[in-house]
Structure formats: C-alpha cells, structure tokens
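Dear colleague,

Please find below the structure for your attention. A summary of the findings follows it.

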Amino acid sequence: MKRTRREMEKRSEIGSAIEELSMMVIVKPGEKHESAHIPTKPFVSVCYLVLQVLDKIGPTMAVLRQDVYQNIKTLELMHESNTSVNSNLVEILKSEAKEGNARKGSSCSKALVWLTRTLDFTSSLLQTLAKDPEKRMEQVVEEAYELTLKPWHGWISSAAFRVALRLVPESKTFINILRTDEENYDTLKEKIQILVSLFVPFLEDIHCILRLYNLDKMKST
C-alpha cells in the first residue's frame, strides 16, 4: 500500500530502512550462481535512506557523501534504462564481468562494492551507538571507519576522513537528530537494534555474491 507524504515524514529514516529491509529478499548463490538475486530498486531505496542517516552526522560525511550519491545514481540510472532487464543486480554484475568492464570507470560492479561497504560502515556505527550511547561520537565513527572502509581506502581518502572527524556532533545530538517527535531514546534504540539485526544477514548475503565475482577485495585507486 502506498504511503502518504505525511506518513513518510513521520517515519524516521531508521524506521523506513527497517521496512525496506524487512520486505527485501536476496537469493544467495547455490552451486549454479545464475539464480542469485539482489533486487535493484529496493537496494537503491535502502542506500538512499542510509545516505540520509549519514547526512545527519554533518560535514564529516561530506568526505563520503558525494561518492555514495554517485554510486547510488549509477545503479539507479542503470535500472531506469531498462527496468525489466536490470531489476536484478546480480545479472548486471554478470554482464559487466562477461564484458570485462566490472573494474572499469563508473561500473555498477564498483558502485555495488562501495555501497555495500558504506552499509557495513553504517551498520557498525549504529550497532556501537546502540550498545554504548555515552561513547564519544568521534570514537564511534572512527572505529566504524577503521573496521569497514579504511582497509579499502587509499591514503588520501583516509587522511581526509581523519581531518573530518573533528566535525562530528556529540552522540546525544546525533541520537536526537535521528529521533522523530513521537520517539524517545528507548524506542529509537530498539529500532536501531532491529535495523542492525536485519543488516547483518543482508550484508553477509551481498558479500557472498561479491566474492563470487571476485569483487570483494577491490580497493580505491
């Protein structure tokens, strides 16, 4: 059922992401990986919601935001170019691998890899925040970055991110920004925990597919 604009405004990005992930079905590869499936449009929707969450951290995320947005648009435009053919991200990966374009330019394969890592980062950040809301936000962001993105970044990106860490808000400020008017901290914490519990198997399935196409070790240039 289509939601009204007012209903969408009342729902937080966390709540919307829970709804999207709850409805999304990823088919992991079996012996014949042709049957693997990642729905393109729902994946793009989740990424847009995560981008909104990252925006709430403030200028620090400007280091990542432009790349994240461009990667989302890469997948979105590919999907819109032929919604029936490109409804499955795995078919796009397969096509780019066959053509030898998976690691070239602004390929959808590269976009999927980096968006998956951004989701890893967001999941790690939210998980730590839910466990220890008193922890300094700078430390929460740095630990999530070290675990999920830094291993794949070149020194320029890493240095830029480290400088940007000085601009993160306090943890309480970030939590308050994430909440809707109808939510208290306990309600938000519960929703964050639900979201992380959905993210974990979701991301494991995507990483499984990325490994299948030898994309999981791709680094930034």
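Please note that the model is predicted. An unreviewed UniProt entry lists residues 38-178 as "domain: Glycolipid transfer protein". That span is 72% helix and 0% strand, and its end C-alpha atoms lie 28 Å apart.

The largest nonpolar core comprises 66 residues, among which Phe 43, Phe 121, Leu 125 and Phe 202 touch the most other members. Helix α6 (108-131) is one of those that supply at least two residues of this core; its contribution of 12 residues is the most. Leaving aside residues up to four places away in sequence, Leu 125 touches Ile 57, Met 137, Val 140, Val 141, Ala 144 and Phe 174.

The rings of Tyr 145 and Phe 161 are stacked, since their centres are 3.9 Å apart and their planes at 10°. Tyr 145 lies in helix α7, so its pair with Phe 161 in helix α8 joins parts 16 residues apart in sequence. Both Tyr 145 and Phe 161 are buried.

Finally, Arg 117 lies over the face of Trp 114, at 4.7 Å from the ring centre, and over the face of Trp 152, at 4.2 Å from the ring centre.

Conventions:
Residues are numbered from 1 along each chain as its sequence is written. This is a predicted model: local features need pLDDT of at least 70, side-chain atom pairs count only at pLDDT 80 or more; totals for chains, interfaces and linings use all residues. Side-chain values use heavy atoms; hydrogens and water are left out. A nonpolar core is a set of buried Ala, Val, Leu, Ile, Met, Phe, Trp, Tyr and Cys residues joined through side-chain atoms within 4.5 Å. Buried means under 20% relative accessible area, exposed over 50%, partly exposed in between (1.4 Å probe, protein chains only). Helices (H or I, at least four residues) and strands (E, at least two) are DSSP runs, numbered from the N terminus. Contact means heavy atoms within 4.5 Å. UniProt positions are given in the numbering used here, feature names are shortened, and annotations may be inferred rather than shown by experiment. Rings of Phe, Tyr and Trp (its six-membered ring) pair if their centres lie within 6.5 Å; planes under 30 degrees apart count as stacked, over 60 as edge-to-face and the rest as tilted. A charge sits over a ring if NZ of Lys or CZ of Arg is within 6 Å of the ring centre and within 35 degrees of the ring normal.
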